[in-house]
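Student: Please take one part of this model and go through it closely, with the cut-offs behind each term.

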Amino acid sequence: MIISQILNNNVAIVKKGSNNQARGNEIIVYSKGVAFKRKVGDTIEEKDIQKTYVLDSHDKLEHFSYLLSNTKDEYLQIVTKTIEYGEEIIQRNVSDYLYLALLDHIDFAIKRLKREQIIKSPLDWEVRKFYPDHYKIGLYAVGLIEKATGLPCPNEEAVSIALHFINLRTKGSEDDNMMRMMEAVRDILSVIKYHFKLDFQEESINYIRLVTHLQYFIVRMFKNEAFTSNETELNRQIRKLYPEAYSCVNKIRIYVRDTFEKELSDDEEAYLMLHIQRVTKREEDGS
C-alpha cells in the first residue's frame with residue numbers, strides 16, 4: 001500500500017497497488033505510529049495496519065479524512081470501542097460508513113458538552129422502551145465519553161447514539177416506516193396527555209397496556225390490516241359511557257387521517273377508548 005496522504009502519526013490515506021491507480025481505490029488506514037517518520041509515496045505493509053476504512057464515495061473519504069485530521073485519537077477510540085461493543089450486542093457487522101457518522105456525532109457532542117449545551121432527542125422515550133439493546137450501546141458510549149473527557153455526559157446523548165445503530169436494522173422505506181411508527185406512538189400519547197392534562201405513570205400496568213396496544217395498532221395501520229369485527233353497537237355504548245375518551249379518540253382520528261391518510265375502524269376506535277379510559281381514570285385517581 002502506497003501512502004497518498006498523511007493525516008497524522010496514526011492515520012494515512014493509501015492506494016492499493018501502483019502509484020497510477022485512481023483516487024477511487026484509496027482507503028484510510030489506522031495503526032499506532034503507522035505514519036510516523038513516513039512520507040507520501042512510502043509503502044505500508046498490511047501486517048502493520050490495525051484497521052482499514054473503506055468508504056463508497058470520494059466525498060465520504062474526504063469528510064472522514066478531515067475529521068481524522070482535526071479530532072483527537074481518543075475520540076476515534078471511543079467510536080471503535082462503541083462499534084465493537086455494538087456489533088456484539090446486535091450480532092451483525094456494520095459498514096465503515098458508521099465510523100464516519102459516529103465520529104462526526106461524537107466530535108460534535110463533546111464540543112457541545114464543553115459548552116454545556118444538552119440536546120434532548122424527541123425519540124428519547126421510544127428508544128429506551130422499544131430498543132433497550134440499542135440504548136445499552138448508547139449508554140456504553142456515554143461511559144467512554146465521560147472517561148475520555150472527564151465531563152458528565154447525560155443519558156440523552158445515549159439515545160442519539162443508539163439511533164445510529166437502530167438505523168442499521170432495515171433499509172430504505174422499511175427504515176423510514178420504523179421511525180414513522182415510533183413517532184406516531186409518541187404523537188398519539190401526546191394527544192391523550194394534553195387532552196386530559198395529565199402526566200402518565202410510565203411504569204403502571206395500564207400505561208404499558210396502552211402503549212402496547214398503540215404499537216400493534218400502528219403496525220396494523222401501516223400494513224393495512226385494521227382490526228374489525230363490525231361491533232358498531234359496542235362502539236356506541238362505549239361512546240356513551242366514556243364521552244371524554246371518545247372526544248380524545250376523535251382527535252386521534254384527525255391526527256391519523258391528516259398524517260397517514262387512514263381511517264379508524266369502529267373496532268379500533270372502541271378499543272382505543274377502553275384503553276384511554278382505563279389509563280386516564282387510574283392516573284386521575286393516582287392509582
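Tutor: Helix 8 covers residues 205-222, and its 18 residues at 1.5 Å a residue should span 26 Å, which agrees with the 26 Å between its end C-alpha atoms. The expected span is 1.5 Å times one less than the number of residues. Helices here are DSSP runs of H or I of at least four residues, numbered from the N terminus. This is a predicted model, in which local features need pLDDT of at least 70, side-chain atom pairs count only at pLDDT 80 or more, and totals for chains, interfaces and linings use all residues. Residues are numbered from 1 along each chain as its sequence is written, and side-chain values use heavy atoms, with hydrogens and water left out.

The buried residues of helix 8 are Asn-206, Tyr-207, Leu-210, Val-211, His-213, Leu-214, Phe-217, Ile-218 and Met-221. They cover an arc of only 160° around the axis, which puts them on the same side of helix 8. That arc is taken from the directions from the helix axis to the C-beta atoms. Buried means under 20% relative accessible area, exposed over 50%, and partly exposed in between (1.4 Å probe, protein chains only).

On the face turned away from the buried side, helix 8 carries the exposed residues Ile-205 and Tyr-216. Val-219 also lies in helix 8; with a relative accessible area of 31%, Val-219 is partly exposed. Val-219 is 38 residues from Met-181 in sequence, while their C-alpha atoms are 7.3 Å apart in space. After helix 8 comes Asn-224, with a positive phi near 55°.

Methods
Helix = DSSP H or I, 4+ residues; strand = E, 2+ residues; numbered from the N terminus.
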